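Please look over the model shown here alongside the comments below.

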Amino acid sequence: MKETILYAGRQLPVLGSYDVIVAGGGTAGSAAAITAAGRGLNTLVVEQANALGGTPVHGLVCPMMPTHVPHLEVLRQVEQGLRQLGRSTRDGLSRVLWFAPADLGQVLEDLCLEAGAQILYNTVLTDALCTDGHIRHLIVMTAEGPAALRADCFIDATGDAVLTRLAGVPTVSGDETGANQISSLRFIMGGIDVDAYRAYCLSIGDTFSPLTEGPFFESAMVGGRDFKLEPLFQKGVADGVLQPDDLRYYQAFTLPGQPGCMAFNCPHLVQMPVNTSAAARSEALIDGRKRIRRLTAFLRGYMPGFESAYLQQTASMPGIRESWRLQGLYTLTEQDYLDRARFPDGLVKGDWYIDVHSAQKGLHHQKAYEPGEYYEIPYRSLVAEQADNLIVAGRCISASFLMQASVRIIPTCMDMGEAAACACQLSLQTGRPLNALDGSRVRALLSES
């Protein structure tokens with residue numbers, strides 16, 4: 001007879017028992033699952049969407065931002081997987097790692113399955129059953145109805161710290177006023193003559209991109225910052241095709257393996273300064289799609305190279321840069337960035353600058369590091385006192401508002417997922433709770449990979 005538990009007055013089936021359950025199959029969660037399963041742990045990924053990859057895949061957030069520090073094994077495997085698909089991943093001029101969203105989702109799924117991890121798609125986390133700070137079961141909604149899952153260790157890689165909050169662990173969100181970083185709703189256009197677009201940008205003295213030839217190109221415009229493209233956008237406003245807020249942020253990147261296609265890191269969802277409301281996110285998505293219609297009409301009508309372009313895809317989820325964050329044993333801060341902080345339990349190296357898209361203050365950038373400089377993310381920023389078998393990975397770790405704007409990039413999140421999986425391995429080997437582990441021992445175990 002199938003095992004069941006009593007929950008809210010009804011018997012729910014227990015779908016399985018695991019060493020590790022990873023909540024969220026984004027880049028941090030996928031890296032955690034690949035690592036945990038690869039180290040022999042019985043691992044399940046619980047993912048609400050129908051593919052792995054999270055924001056990069058479903059939010060169309062690409063490419064990976066430049067980073068100079070050495071990263072861990074999973075990032076190398078991902079790039080190798082993209083190249084095996086026949087995709088170019090480097091432009092030869094920068095540290096950007098290029099990818100197309102669907103390709104990344106395929107590679108992550110392949111790596112998870114090859115490592116032996118199980119994946120439960122279209123499954124929404126709805127509750128966590130805890131006793132004395134120990135998570136016993138997750139309650140999930142599946143295609144067959146509500147069900148339970150059991151594990152010894154849990155990794156919260158949901159981005160929004162969903163499992164952390166369900167487990168009653170304290171979180172914080174936003175800056176000192178409660179405002180979050182501005183989110184975006186990205187989209188992809190096809191039918192672009194990229195060479196003509198690049199030639200136009202160069203003809204007006206736009207040197208934003210160093211990619212003056214070759215298959216890759218990127219372009220950007222921020223209103224009021226003297227970008228060369230702004231006069232053309234202002235004409236669109238004057239003609240009533242665009243609205244002034246549409247000029248807050250514009251950025252586009254080519255996609256490897258998809259000639260004539262570009263992914264757009266815009267529009268900014270400026271009417272959603274606080275994103276921790278379900279209603280606000282829904283309203284922002286509606287408004288974002290209206291902004292995309294305006295932007296695509298403007299590009300087709302005004303921008304050289306876009307005469308035959310068309311809207312190919314709108315992201316199925318908003319690009320959330322920051323929302324809820326764990327309040328862990330250690331909160332990483334902007335002072336740690338300035339100090340290039342090192343820790344005995346430092347697990348992950350970060351070097352992306354503090355990159356805040358603020359509703360009130362516009363873009364806020366802390367001075368970038370020189371190549372070779374970095375800070376460390378300590379183990380204590382991934383765990384909390386209130387839950388002994390929970391560890392957090394990704395953009396929702398314990399960090400201040402400003403510092404979170406540095407740790408949130410894809411390569412760093414992947415490394416955090418890998419580190420979290422190693423912690424689970426050590427916890428299971430030693431019988432010690434995750435929040436009582438010596439982080440320096442996790443560091444040693446991680447270095448063996």
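The numbered points below go through a predicted model.

1. Aromatic pairs. A pair of aromatic rings is described by the distance of the centres and the angle of the planes. In this model the count of aromatic pairs comes to 16. One of them joins Phe187 and Phe264, with 4.6 Å from centre to centre and 0° between the planes, and the pair is stacked. It links distant parts of the chain: Phe187 belongs to strand E9 (residues 187–190) and Phe264 to strand E12 (residues 262–264), 77 residues apart. Both Phe187 and Phe264 are buried.

2. An edge-to-face pair. The ring centres of Tyr330 and Phe343 lie 5.2 Å apart with the planes at 65°; planes over 60 degrees apart count as edge-to-face, so this pair is edge-to-face. Tyr330 is in the loop between strand E14 (324–326) and helix H9 (334–339), whereas Phe343 is in the loop between H9 and strand E15 (346–350), and the two residues are 13 residues apart. Phe343, at 11% relative accessibility, counts as buried, because buried means under 20%.

3. The ring cluster. Ring pairs join Phe187, Tyr197, Phe217, Phe233, Tyr250, Phe264, Phe298, Tyr302 and Phe306 into a cluster.

4. Charges over rings. Two contacts of this kind may be checked in the viewer. Arg165 lies over the face of Trp324, 3.5 Å from the ring centre. Lys349 has its charged end over the ring of Tyr374, at 4.8 Å from the centre of that ring.

5. Helix packing. Two packed helices are described by the angle between their axes and the distance between the axes. How do the axes of H11 and H12 cross, and within what distance do they come? Helix H11 (residues 410–430) and helix H12 (residues 439–447) have axes that come within 9 Å and cross at roughly 110°. Angles of 65 to 115 degrees count as roughly perpendicular, so H11 is roughly perpendicular to H12. The crossing of H11 with H12 is right-handed. On the H11 side the contact is made by Glu418, Ala419, Cys422, Ala423, Gln425, Leu426 and Thr430; on the H12 side it is made by Arg441, Val442, Leu445 and Leu446.

6. Cis peptide bonds. Most residues other than glycine have a negative phi, and most peptide bonds are trans. Where is the peptide bond cis in this model? Pro63 sits in the loop between helix H2 (54–58) and helix H3 (73–84). The bond from Cys266 to Pro267 is also cis, with omega near 5°. Pro267 is found in the loop between E12 and helix H8 (278–302).

7. Positive phi. Leu60, a residue other than glycine, has a positive phi near 60°. Leu60 is placed in the loop between H2 and H3, and at 0% relative accessibility Leu60 counts as buried. Ala161 is not a glycine either, yet its phi is positive at about 55°. Ala161 is located in the loop between strand E7 (145–156) and helix H5 (162–166). With a relative accessible area of 0%, Ala161 is buried.

Terms used
Residues numbered from 1 in each chain as written. Predicted model: local features only at pLDDT ≥ 70, side-chain atom pairs only at ≥ 80, totals over all residues. Heavy atoms only, no water. Phe/Tyr/Trp six-rings, centres within 6.5 Å; stacked < 30°, edge-to-face > 60°. Helix = DSSP H or I, 4+ residues; strand = E, 2+ residues; numbered from the N terminus. Buried < 20%, exposed > 50% of the residue type's maximum accessible area, 1.4 Å probe, protein only. Lys NZ or Arg CZ within 6 Å of the ring centre and 35° of its normal. Axes fitted to C-alpha atoms, helices over the stretch in contact; angles between N-to-C directions. Parallel < 35°, antiparallel > 145°, perpendicular 65-115°, else oblique. Left-handed = near helix turned anticlockwise from the far one by under 90°. Contact = heavy atoms within 4.5 Å.
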